[in-house]
Amino acid sequence: MKIFNTLSRRKEEFVPLEPGKVKMYVCGPTVYNFIHIGNARPMIMFDTVRRYFEYKGYEVNFVSNFTDVDDKIIKKAIEEGVDADTISKRYIAECKKDMEGMNVKPATKHPLATEEISGMLEMIQTLIDKGHAYVAADGTVYFRVKSFKEYGKLSHKNLDDLQSGFREIKVTGEEGKEDPNDFVLWKPKKEGEPYWESPWCQGRPGWHIECSVMSKRYLGDQIDIHAGGEDLIFPHHENEIAQSEAANEKPFAAYWMHNGFLNIDNKKMSKSLGNFFTVREISEKYDLQVLRFFMLSAHYRSPLNFSADLMEASKNGLERILTAAERLRELAGKTAGETLLESEKEQEAALKALVEKFEAAMEDDFNTADAVSALFEIIKLANTTASEASSKAYVSLLLDEIQKLCDVLGIITERKEEILDEEIEKMIAERQQARKSKNFALADEIRGKLLDMGIVLEDTREGVKWKRV
Ligand code: AMP
Ligand code: ZN
């Protein structure tokens, strides 16, 4: 299996640290709002990487954090007049709902920065003791970049170039730095901010130290894969390497994987341009499986453009897969024969070759675009060769393979009737609540929304009944 390693800038054969096991860390979102569709890209793509390893029989220990202390969270908390914890807990819960909708598996562990402070204090102390960090007069602790000779090896930046770039810049509040490249490990609290006790000052951790510590705690000093969006290469991942390798005195991650950016209609997604979508907004228009399928249509390292047309195309593509699977399930109920017919042997070989094509695409740095094409060829084979005249063995074989490959891609081949039912029940409960509190406008709005989705409500003596029209 080949993986493009940002560290070497080339595809390398994957060799796990421990045979049969993969230790993987993916930088998770900062939770101050609903996640946007850009954040969904690393979630979906690295979940697919994990699923492929599992398909190949690896045991994957997959850790992904939530950054739950940060300036943006604090700002939002102040705006709403609540504490930072209320904001982060709320958006972690919302993020988990979106992940479920996108069929992203929960990580083996989702650590929270605020629950890992003691580990951070420990690593910072180790870095100070080893001469890799120092305490400024105001209690800020900085990492001494010059002390780590390999600084820049991930982003392929040269410390001297970085140095000249910084020469003119004096940042207020950072006068205590020995060198402009040094970065914060611990910073003093500001009025109204959450803080923790430390030997240096009451304060909170810098962002980069979180991931070094959480990765160490749940995966050990050395891991196989560390991943995230390409914007994290510098400075976040470069700094993580410096911290972890300086503290642990071992190479940190063997492979660094970075996804390309998602743009909207060929422009950078931004709130000010008005082309910013949360996953939740997309879920109002599409099943989130469609969003997942759309992401899979491109290689994870390529830039990806999001547009309504491409989403429609993904919706149609997904529909073709679901329809084929549904037809095979029906055929499995109608056909007989536990062994393949003579005439089906050739088709079995064709199917096997296509499964190999799928695997070869995935083993070439997880080329999901080509893997999806191979899957479509299998769908075509199923549509053109399986019929009521087929053996049950052949129909089941096709269905099994399609099912397995869709599992790798995280595509659910059954239409989601029950989930939809759950959503309906939830909306009905919200409508009942609105009626109870005499908010009839809201109650009517919910009834209208349900009607738009083809659901008719009937208020009866036994309660509310609903049916699809
Ligand atoms: P953040 O909450 O900004 O730290 O982002 C969480 C993850 O989403 C990181 O891995 C980012 O690199 C990734 N990310 C953010 N925006 C985009 C985007 N537009 N396209 C792809 N990945 C993104
Ligand atoms: Zn990180």
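Helices (H or I, at least four residues) and strands (E, at least two) are DSSP runs, numbered from the N terminus. This is a predicted model, in which local features need pLDDT of at least 70 and side-chain atom pairs count only at pLDDT 80 or more, while totals for chains, interfaces and linings use all residues. Residues are numbered from 1 along each chain as its sequence is written, chains are lettered from A and ligands numbered from 1 in the order in which they are written, and side-chain values use heavy atoms, with hydrogens and water left out.

View 1. Let us start with Asn-103, in the loop between α3 (84–101) and α4 (117–129). Its phi is positive, about 55 degrees, although Asn-103 is not a glycine.

View 2. Strands β1 (residues 2–5) and β2 run antiparallel and are joined by four bridges; two strands pair if DSSP finds at least two bridges between them. Look for Phe-4, whose bridge partner in β2 is Lys-11. Four residues lie between the strands of this hairpin, and Arg-9 takes a positive phi near 60 degrees.

**View 3. An open sheet of four strands.** Here the order is β4-β3-β9-β10, and the pairing is parallel. Because β4 (59–64) and β10 (253–259) stand at the edges with a single partner strand each, one side of each is left without a neighbour in the sheet. Neighbouring strands are turned by 20 degrees against each other on average, direction ignored; axes are lines fitted to C-alpha atoms, for helices over the stretch in contact, and angles run from 0 to 180 degrees between N-to-C directions. Six bridges connect β3 (residues 21–26) with β4, and Lys-23 has Asn-61 of β4 as its bridge partner. Lying across β3, β4, β9 (223–229) and β10 is helix α1 (residues 37–55), which runs at about 135 degrees to β10; contact means heavy atoms within 4.5 Å.

**View 4. The second largest pocket.** This pocket holds about 980 Å³ of space. On a 1 Å grid over the protein atoms alone, a pocket is an open set of points where a 1.4 Å probe fits, with protein on both sides within 12 Å along at least five of seven lines, and lining residues have an atom within 4 Å of a point. Of its 45 lining residues, the closest to the centre are Pro-29, Thr-30, His-36, Asn-39 and Asp-231. Helix α1 gives the most to the lining, with seven residues.

**View 5. A cis peptide bond.** The bond joining Phe-234 and Pro-235 is cis, with omega about 0 degrees. Pro-235 belongs to helix α7 (residues 233–248).

**View 6. An open sheet of three strands.** The order is β12-β11-β13, with mixed pairing. Strands β12 and β13 (304–306) form the edges, each pairing on one side only. Three bridges join β11 to β13, which run parallel, and Ile-264 has Phe-306 in β13 as its bridge partner.

Conventions:
Points joined across faces, edges and corners; volume = space filled by probe spheres on them.
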